[in-house]
Each structure stands twice: as C-alpha cells, then as structure tokens.
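Colleague: I am new to reading protein models, and I would like to go through one slowly with you. Could you show it to me before we begin?

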Amino acid sequence: MLDIVIEARKAAISESVVVKRILPFRLRRMVGPFIFMDHAGPLGTIPANPSAMDVLPHPHIGLSTVSYLFDGQVTHRDSTGVQQIIKPGEVNWMTAGSGIAHSERFEDPAALAGGLEMIQTWVALPEKDEESTPTFRNYAKHELPVFTDKGVWMRLIAGDAFGLSNGVETLSPLFYLHVVVEAGATFRIPDGYSERAVYLVKGSVETGGHFYQPGQMLVFNKNAEPVIKARENTTLMLLGGEPLGERFIWWNFVSSRKERIEQAKEDWKQGRIQLPPADDHEFIPLPDDYSRPSDTPPRPEPLS
C-alpha cells in the first residue's frame, strides 16, 4: 500500500530560517509533477530584525513555484515587475519557464506577530512549457473552493480532486489540497492519479496499522485505497498527479535537459536573468561550490 515514507530533513533558506525539506529525496525525486517541497515553521519567535529571514533575489527555470501560508506574511517581487503581499490561505503560483528571478522579504513585523508557517512546492513543467514566458498569479481565498464533512475540512489549492476544481492554471494533471481532520475522523486520498502523497504538517494519523507523525510524507502505490484516521486534530497537505518523465535539478533549476541546466548556470553568472526591478540591489550568487553533474543526487540550498 505504501510505496515509501519520506522523513523531512533540515535545510537553511536564509540567515535565520531553517525549513523541513521533504522533496527531492534521494529515493523518491518526485510525486507526480511535484519535484520540491519545503515546510517553513511554525516560527513562534521572530528575529528582532525580520529582514534576517529574507530570501534574496535568486533564479528559477523550468518549474512553477507554489507558495501557501498558514500564518504570517511575505512580500514577493519578481523580474516580471510583480510585487505581491502573500497572505495565509491564498495561492501564489509563479511559472519560471525560460527564466525568472524573485525575492521573498519580511517587511511588516506586525504581520508576523502570530508567527510564520508556510509550505512551498515546485511543480515541474511539461517539456513543451519549459521555455514558456514567465508569469505570476495570486489567487485569493474566495477563488479556492472549500469542502467540509464529518470532521474533515479541505481547501483545493490547485488541480482536481473529490469533485472540486478551481481556476488556478496548471499545465499538467495534478491535485493539491490543504486538509484539516478532527481527532477520530477518517478520510481517503484522491483516486484517478498515478502518484499520490500525504504530508503531515501537524498532528498524527493511523493507516494500515501504523502511526505517522509531523514531518513525514506518505507516498502510496497507484492502486492503494487507504483509509487514514486522525489520532488527534491534524493538518495535512495532499498532493500528486501524473509523472512528467525524468527531470534534472541543480540549485534552483529544473529541466528535462542537462545542457539547459548548464546554460541557466551561465545565464545567472553573466546577469542574463533580470533581477526584480524593485529589488535589484543584491542577490544570491551561483553556488559554485555545489557544482556537480546535473543527474546526481541534488544538494539544493539555498532555495525558495
């Protein structure tokens, strides 16, 4: 029933923010088109200087970043000229395509009074869309359908699942949900997809006679129909979809072609990927000390 259980590892994405990194994992690089997943927080204590948490401008190619907050607030700026304050419960979907740079800054200490907690995933692009024009879209809460029933609350972040759909533009078959389950309630995972996973944000669950804790991702076999029971009030992310084929990943770059990764490295070194117009006075340099062939297990830090 279970294909693998992935344990989150620690990774630093800025001077003072350490995240739980779930994907990529050396034994499971992707789940459907999802090739990366970080869980930041919960951070109850915010530095006296919140700018120490900032993620400086950095580049991406060949993927979409999906930012989803539980608590706090972050300001996104990118090289298309977009500036967007990201708030809890919204979906922020940035498609890098041929190349984009963006930053994430914590500029309003009052908005962090309740702490910070967020999930960021990357969705690899189909080969035909890897060189698409970069875009960014913010989707407000009212654009995201919510379903409740028998101790289960869920919000559809993107894709199609459980009869829910929304206007979030995706480029391949997938599903992504924020789910809250009351103690003792049970739920199932979406069917109709080749690859499916459950990530435990907080709480604990039981399935197949085994117990699972926060920071674990449960990846299920294609034909599995697990019944999952919450042992306490539990928050989860459900995600998956159809595989896109082999992808190479190095630092912030994803591509179906090794040579495209090498080109992206050189483009960033030579300044050919534009910085955000409103945030162009500093950036993260290419981490040359991490250089290695693009098809070896990745060491993708720092990332966002």
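Modeller: We will go from the whole chain to single residues, one feature at a time. This is a predicted model, in which local features need pLDDT of at least 70 and side-chain atom pairs count only at pLDDT 80 or more, while totals for chains, interfaces and linings use all residues. Residues are numbered from 1 along each chain as its sequence is written, and side-chain values use heavy atoms, with hydrogens and water left out.

Colleague: How many helices and strands does the protein chain have?

Modeller: Helices (H or I, at least four residues) and strands (E, at least two) are DSSP runs, numbered from the N terminus. In the protein chain there are one helix and 25 strands. The radius of gyration is 18 Å, close to the 19 Å that the globule rule gives for 304 residues, so the chain is as compact as a globular protein of that length. That radius is taken over C-alpha atoms, and the rule is 2.2 Å times the number of residues to the power 0.38. Along the principal axes, the C-alpha atoms fill a box of roughly 55 × 45 × 35 Å.

Colleague: What percentage of the residues in the protein chain is buried?

Modeller: Buried means under 20% relative accessible area, exposed means over 50%, and partly exposed lies in between (1.4 Å probe, protein chains only). Buried residues make up 57% of the 304 residues here. A contact means heavy atoms within 4.5 Å, and among contacts between residues at least 6 apart in sequence, 70% join residues at least 24 apart.

Colleague: Which domains does UniProt place on this chain, and at which residues?

Modeller: UniProt positions are given in the numbering used here, feature names are shortened, and annotations may be inferred rather than shown by experiment. An unreviewed entry places "domain: Pirin N-terminal" at residues 21-123, and that span is 0% helix and 54% strand, with its end C-alpha atoms 15 Å apart. The annotation "domain: Pirin C-terminal", also from an unreviewed entry, covers residues 176-273, where the chain is 12% helix and 45% strand and the end C-alpha atoms are 30 Å apart.

Colleague: Where are the residues joined by a cis peptide bond?

Modeller: The angle to read is omega, which is about 0° for the cis bond that joins Leu23 and Pro24. Pro24 lies in the loop between strand E3 (18-23) and strand E4 (34-43). A cis bond with omega of about 0° also joins Gly41 and Pro42, and Pro42 has its place in strand E4.

Colleague: Is Trp251 buried or exposed, and what is the value of its phi?

Modeller: Trp251 counts as buried because its relative accessibility is 2%, and its phi is near 55°, a positive value in a residue other than glycine. Its place is in the loop between strand E24 (248-250) and strand E25 (253-255). Phe162, which is not a glycine either, has a positive phi of about 55°, and Phe162 is found in the loop between strand E14 (152-161) and strand E15 (164-165). At 38% relative accessibility, Phe162 counts as partly exposed.

Colleague: Which residues is Glu143 in contact with, leaving aside its neighbours within four places in sequence?

Modeller: With those neighbours set aside, Glu143 is in contact with Arg137, Asn138 and Asn166. Glu143 sits in the loop between strand E12 (135-139) and strand E13 (146-149), and with a relative accessible area of 32% Glu143 is partly exposed. From C-alpha to C-alpha, Glu143 and Lys269 are 39 Å apart in space, and they are 126 residues apart in sequence.
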